[in-house]
Amino acid sequence: MPIDRTPADRLDAAVDALLAGERAPGDAGLRAAISVAELLRTTLTPIPPGARFQAALGERIHGARFGERTLRAVTGTTRGRLIAAGAVSSAAVGVGVTAFAVWRTSRRQSGALHRLHR
Amino acid sequence: MTPASRATRALDPRIDPDAAAVRAAQRDRRAFEVLYRRYVDRVYAHAFYALGDHHDAEDATERTFLDAMKGIGGYRDTGAGFRAWLFRVAHNTVSNAMRSRRRRRTEPIPDGWDRPAPNADPAALVARAEEGRRVLRAVRDLPLDRRQVVLLRFVDGLSAAEIGIVLDRSPGAVRVLLHRALRDLATRLEG
């Protein structure tokens, strides 16, 4: 038993045929819509992006991938070491800054004492 | 059930031609480049016809692929396929660009069909370019939902079911929109 298809269904099937490069079925009720579909198929042709843009975006995608892989490689294999190294270097910076502050303060004090004695 | 899930169920059972490349990209982003090369032309064309400006189309294309690459890890094929997912990302990007365009109030007319074919008849070229402009102007004057369906169908070659995924509508609703859009265009182009 044939299925009663709506005009929208029949038009969609005709567009499928047109886009596949076939002839659309002759449907008197849809003639105007099908000729517009044919016009759109020939007018809305693919427009490739500029080669320079395409290459630059390809490079960005390539670069993002490289950065991500590098990060994953580093963090995946030596996460513990990275944390330890981070902690040690933070501590080292802290010790260094404190030592510098102590050294500067003591220098100023000794300078002031020296000037007093003169 | 959402229209999109109805659309998913309505898709013919098929193997997504991108499935292998998507799985590879999820394991290692190196493979995303394959998907990029496969779809860059169509995403760009979609953005260009929707936005009507090469620079805006390039921006939208770039954002689409960078977002898609970021989101590929979370992509799950629910039957609609990668292509519909990618064009959903593109559609959202283009919609945002259109909103920002409305704020700036600029509306350039694309000139894509002005590229002459070698050895083409000049008179035919002029006529074709003029007709192209007339058709595109008519497309651009369509209400937004009809315009989107026309572009996704004719520029990107998506099926009604795939467009349903992109626009979150049922395939039946997409077919009705397409029917109305083409009838509307026929009337506009007659006048």
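Which helix of chain A is Leu40(A) found in? The views below start there, and every one of them shows a predicted model.

View 1. Leu40(A) sits in helix α2 of chain A. Is Leu40(A) buried or exposed? Leu40(A) is buried, because 24 other C-beta atoms lie within 10 Å and 20 or more are enough for that label. Once its neighbours within four places in sequence are set aside, Leu40(A) is in contact with Val135(B), Val150(B) and Phe154(B).

**View 2. The side of chain A that touches chain B.** Here 30 residues of chain A are in contact with 37 residues of chain B. On chain A, the elements giving two or more residues to this side are α1 (7–19), α2 (31–43) and α3 (51–117). The largest share, nine residues, comes from α3(A). By class, the residues on this side of chain A are 20 nonpolar, five polar and five charged.

**View 3. Chain B as a whole.** Chain B has 191 residues, and 43% of them count as buried. Among the contacts in chain B with a separation of 6 or more, 70% are between residues 24 or more positions apart.

**View 4. Two packed helices, α3(B) and α4(B).** Two packed helices are described by the angle between their axes and the distance between the axes. For helix α3 (residues 32–51) and helix α4 (residues 54–71) of chain B, the angle is about 140° and the axes are 8 Å apart. Their crossing is right-handed. Which residues of α3(B) and α4(B) meet? From α3(B) come Phe32(B), Tyr36(B), Val40(B), Val43(B), Tyr44(B), Ala47(B), Phe48(B) and Leu51(B). They meet His54(B), Asp56(B), Ala57(B), Ala60(B), Thr61(B), Thr64(B), Phe65(B) and Met69(B) in α4(B). Sorted by class, this contact has 12 nonpolar, three polar and one charged residues.

**View 5. Asp168(B) in a loop.** Look for Asp168(B) in the loop between α8 (160–167) and α9 (171–190) of chain B. What is the phi of Asp168(B) near? Phi is near 60° for Asp168(B), a positive value in a residue other than glycine. Asp168(B) counts as partly exposed because it has 14 C-beta neighbours inside 10 Å, a count between the limits of 12 or fewer for exposed and 20 or more for buried.

Notes: Residues numbered from 1 in each chain as written. Chains lettered and ligands numbered in written order. Predicted model: local features only at pLDDT ≥ 70, side-chain atom pairs only at ≥ 80, totals over all residues. Contact = placed C-beta atoms within 7 Å. Helix = DSSP H or I, 4+ residues; strand = E, 2+ residues; numbered from the N terminus. Nonpolar A, V, L, I, M, F, W, Y, C, P; charged D, E, K, R; others polar. Axes fitted to C-alpha atoms, helices over the stretch in contact; angles between N-to-C directions. Left-handed = near helix turned anticlockwise from the far one by under 90°.
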